[in-house]
Amino acid sequence: MNDLARSSTFTPDQVTPEKLEAFWMPFTSNRQFKALPRLLARAEGMNYYTPDGHEVLDATAGLWCVNAGHCRKPIVEAIAQAAGTLDFAPTFQMGHPMAFELADRLVELAGKPFSHVFFCNSGSEAVDSALKIALAYHRVRGEAQRTRLIGRERGYHGVGFGGISVGGMSANRKMYSASLIPGVDHLPHTWNPKEMAFSRGQPAWGEHLADELERICTLHDPSTIAAVIVEPVAGSAGVLVPPKGYLEKLRAITQKHGILLIFDEVITGFGRLGKPFGWQRFGVTPDLYTTAKGINSGTVPMGAVFAREGLYEAFMQGSTMPVEFTHGYTYSAHPLACAASLATLDLYAEEGLLERVASLEKVWEDALHSLKGAAHVTDIRNIGLMGAIELAPREGAAGARGFETHCKAFFDEGMLVRFTGDILALSPPLIVSEAQIERIAATLRRVLAQVA
Ligand code: PXG
């Protein structure tokens with residue numbers, strides 16, 4: 001344990017029920033949580049530790065973000081040093097060296113055709129930034145009629161109004177249905193259990209689902225469409241892996257019609273699929289892609305939008321305003337986030353983490369699919385170091401099995417798995433060992449056998 005971690009540790013007697021009340025918890029059943037709190041006090045490497053000292057194996061990299069493992073010393077030190085050297089610096093009409101250095105490093109990591117990076121503080125902000133870049137890009141080029149945005153059912157693009165509008169999670173949209181941004185349509189999602197249950201990696205069935213984009217283009221007239229946004233692998237919806245040929249087809253159709261293709265790589269970025277970025281793994285190059293989370297291994301809030309050559313230049317040539325793109329955040333390229341990211345990129349390179357998953361993927365796949373036949377399991381999906389296990393819902397109590405599995409794994413087995421409804425999602429840090437992968441599968445098998 002390092003000193004910084006020690007100073008933030010709290011003891012069990014500090015966590016009284018009254019102390020849990022004021023925090024209105026995000027994306028949480030507050031009533032359920034406050035009745036059965038699940039607290040994490042510190043972390044190191046592959047593990048979390050509860051306030052009373054129990055070790056918890058992190059099978060989810062926090063929330064798909066702690067790719068280098070927890071509290072890695074070089075990252076901790078870089079953040080501490082930045083905090084004591086340059087606590088904050090504006091990036092509106094000003095700059096600081098780390099921001100430029102990081103943008104350079106990121107563009108180098110991406111490789112051609114990506115040439116520019118726009119910084120923000122989260123995946124949601126990255127999505128809204130990318131959508132705005134797309135809309136403004138067409139405008140500065142004299143195609144202001146391109147105002148429509150196309151997302152996908154079951155897509156998750158964060159929680160900004162742009163993100164929930166192009167997103168396809170009905171629960172996240174329904175309270176705001178009259179306030180979503182106009183001119184949005186959705187592709188169908190790609191999961192079909194009859195055709196693809198228990199597929200390993202990319203399902204062979206489903207390429208034709210991309211033809212729906214052609215239908216949408218015909219319906220709206222393609223010249224009114226600004227951009228299509230999809231996650232290369234849908235994460236939050238429960239790891240929906242793209243069918244073979246599907247992303248290629250989306251690329252071909254968008255290219256044909258002059259529509260920008262945006263990949264939301266908030267989860268798939270930074271090594272999760274065995275390459276620095278998911279588009280590299282699939283060999284399909286978008287025009288823009290969003291990242292966050294793994295950009296600094298989840299240590300300081302940060303997001304970044306990557307833009308291919310020609311986009312930034314269009315603003316520089318076409319904008320009639322002194323500020324070419326009127327968008328940005330107080331904390332865009334915050335010094336602490338930049339320092340964390342630079343140190344994280346060094347660590348990724350030193351330990352080969354952005355490529356490591358390529359050699360682990362088969363072990364991961366075999367371990368997960370060994371759960372075929374385990375209690376309640378109706379589908380298993382995997383790609384890179386992402387996995388989902390779908391459980392049959394209990395009659396009249398959808399989501400109960402997912403929640404109970406999560407709780408049993410946490411309290412009885414010391415393992416953190418994410419649940420969304422009755423889907424268990426797995427995405428360990430990229431430093432996970434083969435033995436830990438086996439342990440994740442064995443633990444789940446045991447827990448599932450005990451869940452009613
Ligand atoms: N896009 C994608 C693809 C994401 O997965 C966001 C945007 C939004 O990022 P921020 O940083 O604004 O939260 C995300 C976030 C889960 C889970 O367990 C997934 C996310 C966040 C929290 C939980 O499915 N993804």
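Two residues are in contact if their C-beta atoms, placed from the backbone, lie within 7 Å.

## Ground rules

This is a predicted model, in which local features need pLDDT of at least 70 and side-chain atom pairs count only at pLDDT 80 or more, while totals for chains, interfaces and linings use all residues. Residues are numbered from 1 along each chain as its sequence is written. Helices (H or I, at least four residues) and strands (E, at least two) are DSSP runs, numbered from the N terminus.

## Leu444 and its neighbours

Leu444 sits in helix H17 (residues 434-450). Leaving out residues up to four places away in sequence, Leu444 touches Leu371 and Ile389. Ala374 is 70 residues from Leu444 in sequence, yet their C-alpha atoms are 9.0 Å apart in space.

Is Leu444 buried or exposed? A residue is buried if 20 or more other C-beta atoms lie within 10 Å of its own, exposed if 12 or fewer, and partly exposed in between. Leu444 has 26 C-beta neighbours inside 10 Å, so it counts as buried.

## Strand S12

Ile389 belongs to strand S12 (residues 386-391). Six of the six residues of S12 are buried, so the strand is largely enclosed by the rest of the structure. In a regular strand the side chains alternate between the two faces of the sheet. In S12 both faces are covered: Met386, Ala388 and Glu390 are buried on one side, and Gly387, Ile389 and Leu391 on the other.

Two strands pair if DSSP finds at least two bridges between them. S12 runs antiparallel to strand S11 (residues 377-383), joined by six bridges. Ile380 has Ile389 as its bridge partner in S12. S11 and S12 form a hairpin with two residues between them, and Gly384 in the turn has a positive phi of about 50°. S12 also pairs with strand S15 (residues 423-426), in the antiparallel sense, over four bridges. There, Gly387 stands opposite Leu426.

## Two helix pairs

Two packed helices are described by the angle between their axes and the distance between the axes. Axes are lines fitted to C-alpha atoms, for helices over the stretch in contact, and angles run from 0 to 180 degrees between N-to-C directions. Angles under 35 degrees count as roughly parallel, over 145 as roughly antiparallel, 65 to 115 as roughly perpendicular and the rest as oblique.

H17 meets helix H15 (residues 353-369): their axes come within 9 Å and cross at roughly 15°. H15 and H17 are therefore roughly parallel. Their contact is made by Val363, Trp364, Ala367 and Leu368 of H15, with Glu434, Ile437, Glu438, Ile440 and Ala441 of H17.

Helix H5 (residues 97-110) packs with helix H14 (residues 335-351) at about 40°, with axes 9 Å apart. H5 and H14 are therefore oblique to each other. Residues in H5, including Met98 and Leu109, meet residues in H14, including Pro335 and Leu345.

Which strands lie at the edges of the open sheet? Its seven strands have the order S4-S10-S9-S8-S7-S5-S6, with mixed pairing. The edge strands are S4 (114-120) and S6 (184-187), and each pairs on one side only. The twist averages 20° from one strand to the next.

Strand S5 (residues 148-152) and S6 run parallel, joined by four bridges. Gly151 has His186 in S6 as its bridge partner. Helix H10 (residues 211-220) lies across S5, S6 and S7, at about 155° to S6. Helix H6 (residues 123-140) runs at about 30° to S10.
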